[in-house]
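Here are my notes on this model, as numbered points. Please read them with the structure open.

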Amino acid sequence: MIGTLIVTGASRGIGAAVARAAAAAGYAVAVNYATRAADAERVVAEIEAAGGTARAFAGDVSRESDVVALFDLATERLGPIAGLVNNAGITGGSSRVEDVTPETLERTFAINVTGS
C-alpha cells in the first residue's frame, strides 16, 4: 500500500472513478460522500472485490468540522494520508441570474471554493 488517499465526492461519477483507479494503483481509499451513503458503500464494495482497501466516510466539505473529522477518521482507520483529490462540487442548479438566491450562491461557494 502506498498510503491513504482521500477522494471527496467519491460516491459517484468522476470521484468514484478516481477512487477505483487509486485503489488499483495501491492506495487505501477514503471514499467521501455528503448524502449518498449507499452509493459510497457500493464504491467501497467494488474496490474491495478487486482486492483493494477502502472505507466510506460521510462529510460535507463545506463544513470545516466535517473535513477535520474526515481526515482524523481516515487516518485512524486507513493509515497516514498520502494525498487528497478535491473532487466534490455542485453546480448550484440552473436559473436566470436574477433568480439565484443568496443561499444558493453561499452553498455553491462553500462547497466549490471554501471547502477546497
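Contact, as used below, means heavy atoms within 4.5 Å. Bear in mind that this is a predicted model.

1. **Gly 59 and its surroundings.** Start with the loop between β3 (53-58) and α3 (64-78), where Gly 59 lies. Its relative accessibility is 8%, so Gly 59 counts as buried. Setting aside neighbours within four places in sequence, Gly 59 is in contact with Asn 32, Tyr 33, Ala 34 and Asp 66. Leu 70 is eleven residues from Gly 59 along the chain, and their C-alpha atoms are separated by 6.5 Å.

2. **Ser 11.** This residue sits in the loop between β1 and α1. Is Ser 11 buried or exposed? With 10% relative accessibility, Ser 11 counts as buried, because the cut-off is under 20%. Not counting residues up to four places away in sequence, Ser 11 touches Ala 16, Val 31, Asn 32, Tyr 33, Arg 36, Asp 39, Ala 40 and Val 43. Asn 32 and Tyr 33 are also among the contacts of Gly 59.

3. **Length and faces of α1.** Helix α1 covers residues 13-24. At 1.5 Å a residue, its twelve residues should span 16 Å. The end C-alpha atoms of α1 are 17 Å apart, which agrees. Gly 15, Ala 16, Ala 19, Ala 22 and Ala 23 are the buried residues of α1. Viewed down the axis of α1, these buried residues fall within an arc of 125°, so they line one face of the helix. The general rule behind such a pattern: an α-helix has 3.6 residues a turn, so residues three or four places apart point the same way. Turned away from the buried side of α1 is a face with the exposed residues Gly 13, Ile 14 and Ala 24.

4. **What α1 packs against.** Which elements meet the buried residues of α1? They pack against β1 (4-7), β2 (28-33) and α2 (37-49). After α1 comes Gly 26, with a positive phi near 110°.

5. **The α1/α2 pair.** The two helices pack at an angle of about 25°, and the axes of α1 and α2 are 10 Å apart. Angles under 35 degrees count as roughly parallel, and α1 and α2 are therefore roughly parallel to each other. The crossing of α1 past α2 is right-handed. On the α1 side, the residues involved are Ala 16, Ala 19, Arg 20 and Ala 23. They meet Val 43, Glu 46 and Ile 47 in α2. Two of these residues return from point 2: Ser 11 touches both Ala 16 and Val 43.

6. **α3.** At 1.5 Å a residue, the 15 residues of α3 should span 21 Å. The end C-alpha atoms of α3 are 21 Å apart, which agrees. Leu 70, Ala 74 and Leu 78 are buried in α3. Down the axis of α3, its buried residues fall within an arc of 20°, so they line one face of the helix. That buried set packs against β1, β2, β3 and β4 (81-85). Glu 64, Ser 65 and Glu 76 are exposed on the other side of α3.

7. **α4: please check its geometry.** Helix α4 (residues 102-114) has 13 residues. A straight helix would reach 18 Å at 1.5 Å a residue, but the end C-alpha atoms of α4 are only 16 Å apart. Thr 108, Ala 110 and Ile 111 are its buried residues. Seen down the axis of α4, they fall within an arc of 160°, so they line one face of the helix. The face turned away from the buried side of α4 carries Pro 102, Glu 106 and Thr 114, which are exposed.

8. **Phe 109.** This residue lies in helix α4. At 47% relative accessibility, Phe 109 counts as partly exposed. Thr 91 is 18 residues from Phe 109 in sequence, and 9.8 Å away in space, C-alpha to C-alpha.

9. **Ala 88.** Look next at the loop between β4 and α4, where Ala 88 lies. Which residues does Ala 88 touch, not counting those up to four places away in sequence? They are Thr 8, Gly 9, Val 61, Ile 111 and Asn 112. Ile 111 is one of the buried residues of α4. Glu 41 is 47 residues from Ala 88 along the chain, with their C-alpha atoms separated by 17 Å.

How values were computed. Residues numbered from 1 in each chain as written. Predicted model: local features only at pLDDT ≥ 70, side-chain atom pairs only at ≥ 80, totals over all residues. Heavy atoms only, no water. Helix = DSSP H or I, 4+ residues; strand = E, 2+ residues; numbered from the N terminus. Expected span 1.5 Å × (residues − 1). Buried < 20%, exposed > 50% of the residue type's maximum accessible area, 1.4 Å probe, protein only. Arc of directions from axis to C-beta. Axes fitted to C-alpha atoms, helices over the stretch in contact; angles between N-to-C directions. Parallel < 35°, antiparallel > 145°, perpendicular 65-115°, else oblique. Left-handed = near helix turned anticlockwise from the far one by under 90°.
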